[in-house]
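Here is a short tour of a protein fold, written for someone who likes to know the cut-offs behind each term. Have a look at the sequence and the model first, and then read on.

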Amino acid sequence: SSMAGLQVCSVLVTGANRGIGLGLVRQFLGMPSPPTWVFAACRDPKGQRAQELQNLASKHPNLVIIPLEVTDPASIKAAAARVGDHLVGLGLNLLINNAGITKLNSLDAETLENMTRIYTTNTVGPLLLGQAFLPLLKKAAQGSPGSALSCSKAAIINMSSYGGSIASPSGWDLMQIVSYRCSKAALNMLTKCQSLGYREHGILCAALHPGWVQTDMGGSIGQTPAVTVDASVRGMLNVLSSLAEKDTGTFLDWHGKVVPW
């Protein structure tokens with residue numbers, strides 16, 4: 001598998017209890033040489049919606065479930081401390097900001113409350129997570145020989161969507177979800193800012209469009225999405241394994257193609 005190029009000792013995935021997040025966790029655990037630590041973060045680790053994650057954790061001692069509410073700075077700090085305790089002096093190679101929400105609303109029906117809630121989760125969450133995990137990401141970069149940026153060294157990957165592409169004409173007929181689209185366009189700018197701000201620390205930053213995937217969220221638009229979670233996740237891990245210096249600050253899809261801003 002071309003994922004073999006991805007040699008991460010530790011990875012944290014947010015929104016890991018279902019959909020793409022859970023798919024990522026499964027794939028990391030199933031690698032020929034899996035990470036020493038896979039941290040799966042979700043809001044309610046002991047709840048019904050995290051049952052599959054709990055089942056996986058009972059079979060894989062390298063899987064650690066971390067409670068995390070990405071809209072709560074205290075929860076983010078606690079999660080970073082908990083991950084740091086497990087890593088015992090080692091850094092975190094890969095932070096995947098996958099947690100996201102959407103709400104179907106027409107342009108006329110959007111509200112202050114709705115815009116704010118979705119922006120807080122989809123855009124501010126990844127900002128705060130980047131801040132909280134920066135010391136661990138820096139430590140991973142310092143501990144990795146060679147200067148070239150890569151996901152095996154240290155990286156922040158933000159799960160975006162072509163719905164956030166301002167330049168792409170497609171999408172409006174499919175999803176007139178204004179709050180979600182605005183939050184993803186802003187997440188793309190955050191990714192660019194992180195790539196510029198964290199480059200000196202040896203951290204690669206990129207935004208990924210996973211495809212229109214068969215998840216609870218993807219299916220909420222009312223038609224059946226084209227891509228399975230498994231296909232999307234395999235594709236994205238291939239992309240991660242090939243990301244290099246030139247790719248920091250870019251917006252790519254699950255095939256590795258550039259998505260227009």
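Two strands count as paired if DSSP finds at least two bridges between them. Helices (H or I, at least four residues) and strands (E, at least two) are DSSP runs, numbered from the N terminus. With that in hand, seven strands form an open sheet with parallel pairing, in the order β3-β2-β1-β4-β5-β6-β7.

This is a predicted model, in which local features need pLDDT of at least 70 and side-chain atom pairs count only at pLDDT 80 or more, while totals for chains, interfaces and linings use all residues. Residues are numbered from 1 along each chain as its sequence is written, and side-chain values use heavy atoms, leaving out hydrogens and water.

**The sheet**
- The edges are β3 (63–67) and β7 (251–253), each of which pairs on one side only.
- From one strand to the next, the twist averages 20 degrees; axes are lines fitted to C-alpha atoms, for helices over the stretch in contact, and angles run from 0 to 180 degrees between N-to-C directions.
- Strand β2 (residues 37–42) runs parallel to β3 and is joined to it by five bridges, and Ala41 stands opposite Ile66 in β3.

**Helices across the sheet**
- Helix α1 (residues 19–29) lies across β1 (10–14), β2, β3, β4 (94–97) and β5 (155–159), at about 160 degrees to β1.
- Helix α4 (residues 112–142) lies across β1, β4 and β5, and runs at about 175 degrees to β4.

**Nonpolar cores**
- A nonpolar core is a set of buried Ala, Val, Leu, Ile, Met, Phe, Trp, Tyr and Cys residues joined through side-chain atoms within 4.5 Å; buried means under 20% relative accessible area, exposed over 50%, and partly exposed in between (1.4 Å probe, protein chains only).
- The largest core has 41 residues, and Val25, Phe28, Leu94, Ile96, Ile157 and Leu240 have the most contacts inside it.
- Apart from that core lies another, of 28 residues, including Leu12 and Ile76.
- Leaving aside neighbours within four places in sequence, Phe28 is in contact (heavy atoms within 4.5 Å) with residues including Val8, Pro34, Leu94 and Leu237.

**An aromatic pair**
- Trp37 and Phe39 form a stacked pair, 5.9 Å centre to centre with 15 degrees between the planes.
- Rings of Phe, Tyr and Trp (its six-membered ring) pair if their centres lie within 6.5 Å; planes under 30 degrees apart count as stacked, over 60 as edge-to-face and the rest as tilted.
- Trp37 is partly exposed at 24% relative accessible area, whereas Phe39 is buried at 0%.
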